[in-house]
Amino acid sequence: MPEAKYARPSWDEYFMEIARAVGTRATCDRGRSGCLIARDKQILVTGYVGAPKGLPHCDEVGHQMKTVTHEDGHTSQHCLRTTHAEQNAIVQAAKLGIAISSGTVYCKMTPCPTCAKMIINSGLSRVVCEKRYHAGSESEELFRQVGLTLDFFDEGVEEYSKQ
């Protein structure tokens, strides 16, 4: 029987796999998200979910939960102890003086509205997500309004506890 031919990953698959690996460093078990920003087939920076430097992590002291009531009346749960993977990647770029405009963001799920605004203001041009975020419709609309490309590997919603 002939051996199956190796299927080299696309650039999107390659960068998403690395973003997944970055997420293994996350210190909040609600998503364990990682993020990677690339441009011209080159990795620029990465980030993962975790408490700000010097502060206790969720994995050590538990979550700092907040219930948010959305305009349509539904509620969702969010952990406020952490800085999101996208925020950490953008801050890392600023800290190191790395220009990220025109780059692509690879992340586990649709960025939250705050991350979406940071992505827009950073001049990033494309967002690639593994799945949708349960409260991501506001971000999707922001990206649509500014013409930022948003692609999903899987149209399903990322599931984790206390959504």
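I am working with a predicted model, in which local features need pLDDT of at least 70 and side-chain atom pairs count only at pLDDT 80 or more, while totals for chains, interfaces and linings use all residues. Residues are numbered from 1 along each chain as its sequence is written, and side-chain values use heavy atoms, with hydrogens and water left out.

**Sheet.** I looked up the strand order (strands are DSSP runs of E, at least two residues, and helices runs of H or I, at least four, numbered from the N terminus). I found an open sheet of 5 strands, ordered β2-β1-β5-β6-β7, with mixed pairing. β2 (42-48) and β7 (149-152) are at the edges; each has a single partner strand, so one side of each lacks a neighbour in the sheet. From one strand to the next, the twist averages 20 degrees.

I then checked β1 (34-39) against β5 (104-109): they pair antiparallel over 4 bridges. Pairing takes at least two DSSP bridges between two strands. I37 has V105 in β5 as its bridge partner.

**H78.** I located H78 in strand β4 (75-79). Is it buried or exposed? H78 counts as buried because its relative accessibility is 17%; the cut-offs are under 20% for buried, over 50% for exposed and partly exposed in between (1.4 Å probe, protein chains only). Leaving out residues up to four places away in sequence, H78 touches R30, Q64, M65, K66, V68, H70 and Y133. Contact means heavy atoms within 4.5 Å.

**I98.** I98 sits in the loop between α3 (85-96) and β5. I98 counts as partly exposed, at 28% relative accessibility. With the C-alpha atoms of I98 and V45, I get 8.1 Å across 53 residues of chain. I98 touches L44, V45 and A93, again not counting residues up to four places away in sequence.

Notes
Axes fitted to C-alpha atoms, helices over the stretch in contact; angles between N-to-C directions.
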